[in-house]
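Subject: Structure handover

Hello,

Here is the structure you asked about. Please open it and keep it beside this email as you read.

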Amino acid sequence: MTEKDEAEREEGGRRGESIQVIARAAAILRALAGQAEGLSLGQIAKRVELPRSTVQRIVGALAAEQLVTVGRTGEGVRLGPTLTLLAAAAQTDLPSVAQPHLEALTRRVHETVNLSVFQGNQAVCVAVSQSERELSVRSSLGSSFPLYSTAHGKALLAEMSDEDVTRLVGSSIKPLTANTVRSLPELLVQLREVRERGMAFDLGERTEGICAVGVTLRLATGPRYALSIPVPALRFEAQLPVLREELLRCREDIEAAAGVALRPAASFVGKPG
C-alpha cells in the first residue's frame with residue numbers, strides 16, 4: 001500500500017467516525033424530545049442503546065454548544081436553548097421546508113395539499129401542492145377564509161381556549177354555505193369534537209361541493225401553521241381513512257424537518273362531524 005493509499009484510508013476512517021458521532025448525537029437529541037423533566041444519563045443510554053460513558057461524552061459536547069442543558073448533579077439532561085433558536089430559524093421559512101413534504105403527500109393521495117399560517121382572524125395559504133387530477137380543488141397562495149369555515153381554521157381554533165375563541169370570533173360568524181356553523185355556541189361544540197379527534201373537518205362549510213381534513217403543526221416556536229387536504233365532496237368519504245393517515249404522516253415529516261414537536265401525536269376517533 002502506498003503512502004497516498006494509507007492517507008486516504010485514514011481520512012476515510014476519520015470521516016466514518018465523525019458521521020457515527022453525529023448520528024449518535026442526533027439519537028440523543030431525539031430521545032430528549034418532549035422530556036420536560038429531562039432524562040438521566042442512564043435513561044438516555046438505555047433509549048439510544050449506547051454505553052453510558054459514550055453518552056456522557058457526547059452529552060458533554062452537546063452541553064458545551066448549549067444544545068442540551070445538564071442539571072447540577074449531572075442528571076436531568078434536557079434540550080438546550082440553541083435548539084430553540086435553530087428551530088425558530090427553520091420556521092422563518094417553513095413554507096420552503098414544508099414544500100417537498102406537501103408534494104410527497106400529493107403524490108400519495110393524488111389531492112391538493114395546503115399549508116396555512118394563522119394571521120389575525122384568518123388562516124392564509126402560504127404553500128400549495130396542486131393535484132393534477134382533472135377534478136380537483138384549486139388553491140391559491142395568499143388566499144384566506146374565516147377560521148370557523150375551514151378544516152385548517154378549526155384545527156387552529158381548537159388549540160385555543162373557549163374564552164380566546166369567543167374574543168377572536170365573537171359575533172362575526174357569517175355563513176358561507178348552508179353547512180357553515182351558524183353561532184358561537186355551535187362552533188364551540190365543534191371545536192370540542194376537534195380536540196377529541198385531534199383533527200378537523202370541513203364538510204362543505206367554506207365552499208359547496210368541497211370537503212377537507214386539517215391538522216395543526218406542533219412546532220416549538222414561531223407562527224402557528226396548519227395542514228389541510230381539500231377534496232371534491234363526491235370522493236371525500238371514500239378516501240377519508242387514507243387522507244387522515246397520510247396527513248398525520250406528512251405532519252410528522254414536516255415537524256422532523258423544522259424542529260421539535262411539543263405535544264404528543266394527535267389521535268382521532270369516530271367520524272367527521
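First, a term: buried means under 20% relative accessible area, exposed means over 50%, and partly exposed lies in between (1.4 Å probe, protein chains only). Now the source. This is a predicted model, in which local features need pLDDT of at least 70 and side-chain atom pairs count only at pLDDT 80 or more, while totals for chains, interfaces and linings use all residues. Residues are numbered from 1 along each chain as its sequence is written, and side-chain values use heavy atoms, with hydrogens and water left out.

Salt bridges

A salt bridge here is a side-chain nitrogen of Lys or Arg within 4 Å of a carboxyl oxygen of Asp or Glu. By this rule there are 11 salt bridges. Start with glutamate 246 and arginine 108, whose side chains meet in a salt bridge at 2.5 Å, N to O. This pair links distant parts of the chain: glutamate 246 is in helix H9 (residues 233-258), arginine 108 is in helix H5 (residues 94-109), and 138 residues separate them. Helices (H or I, at least four residues) and strands (E, at least two) are DSSP runs, numbered from the N terminus.

Glutamate 246 is buried, at 13% relative accessible area. Arginine 108 is partly exposed, at 24%.

Glutamate 246 has another partner. Arginine 249 forms a salt bridge with it, the closest N and O atoms being 3.4 Å apart. Both lie in helix H9, three residues apart, about one turn of the helix. Arginine 249 is partly exposed, with a relative accessible area of 42%.

Arginine 251 and glutamate 255 meet in a salt bridge (4.0 Å, N to O). They are separated by about one helical turn, because they are four residues apart in helix H9. Arginine 251 is buried at 3% relative accessible area, and glutamate 255 is buried at 3%.

Helix H8

Does the length of H8 agree with what we expect, or disagree? The expected span is 1.5 Å times one less than the number of residues. Helix H8 (residues 184-197) has 14 residues, so it should span 20 Å; its end C-alpha atoms are 20 Å apart, which agrees.

Several residues of H8 are buried, including Leu184, Leu187, Leu188 and Val194. The buried residues of H8 pack against H6, helix H7 (162-169) and strand E6 (200-203). Just after H8, glycine 198 takes a positive phi of about 75 degrees.

Serine 149

Find serine 149 in the loop between strand E5 (144-146) and helix H6 (151-157). Is serine 149 buried or exposed? Serine 149 is buried, with a relative accessible area of 0%. Leaving aside neighbours within four places in sequence, serine 149 is in contact (heavy atoms within 4.5 Å) with Leu176, Thr180, Asp202, Glu205 and Arg206.

Rings

A charge sits over a ring if NZ of Lys or CZ of Arg is within 6 Å of the ring centre and within 35 degrees of the ring normal. The charged end of arginine 206 sits over the ring of phenylalanine 145, 4.2 Å from its centre. Arginine 224 lies over the face of phenylalanine 118, at 4.9 Å from the ring centre.

Best wishes
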